[in-house]
Amino acid sequence: MARVILPSPLRPYADGAHELTVDAPTLGQALDALRTASPALERRLRDERGTLRRYVNFYIDGDECRTLAGLDTPLTSNSELMIIPAVAGG
């Protein structure tokens with residue numbers, strides 16, 4: 001089971017959870033599992049076409065998934081997926 005770490009801005013869409021676990025071999029399948037467990041997260045992570053939102057970064061074991069294989073990036077049972085949305089302000 002891979003661990004999914006959610007920052008404070010995303011926790012309300014996952015019933016306040018700081019961490020979730022998913023049993024999925026790739027990032028894309030992990031996001032599918034998150035959609036099933038917490039449907040409100042989906043539109044904050046992927047767009048209508050199912051691609052990753054530009055302003056959300058997905059780190060798998062410390063590496064940004066876009067520098068790896070994107071949605072096809074493999075996960076292991078020890079993987080840690082951190083989801084970091086961009087924060088704007090001034």
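This briefing describes the strands, helices and side-chain pairings of one predicted model. Because the model is predicted, local features need pLDDT of at least 70 and side-chain atom pairs count only at pLDDT 80 or more, while totals for chains, interfaces and linings use all residues. Residues are numbered from 1 along each chain as its sequence is written, and side-chain values use heavy atoms, with hydrogens and water left out.

**Confidence**
- The chain has a mean pLDDT of 94, and 98% of its residues reach 70 or more, where pLDDT is the predictor's confidence in each residue, from 0 to 100.
- Confidence is lowest in helix α2 (residues 39-45), with a mean of 94, and highest in strand β3 (residues 56-60), at 97; helices (H or I, at least four residues) and strands (E, at least two) are DSSP runs, numbered from the N terminus.

**The sheet**
- Five strands form an open sheet with mixed pairing, in the order β2-β1-β5-β3-β4, and two strands pair if DSSP finds at least two bridges between them.
- The edge strands of this sheet are β2 and β4 (63-64), each of which pairs on one side only.
- Strand β1 (residues 2-5) pairs with strand β2 (residues 19-22) in the antiparallel sense over four bridges, and β1 runs parallel to strand β5 (residues 80-85), joined to β5 by three bridges.
- Val4 has Leu20 as its bridge partner in β2 and Leu81 as its bridge partner in β5, whereas the partner of Arg3 in β5 is Glu80.

**A helix across the sheet**
- Helix α1 (residues 27-37) lies across β1, β2, β3 and β5, running at about 115° to β2; angles run from 0 to 180 degrees between N-to-C directions, and axes are lines fitted to C-alpha atoms, for helices over the stretch in contact, where contact means heavy atoms within 4.5 Å.

**Side-chain pairings**
- The whole structure holds nine salt bridges, each a side-chain nitrogen of Lys or Arg within 4 Å of a carboxyl oxygen of Asp or Glu.
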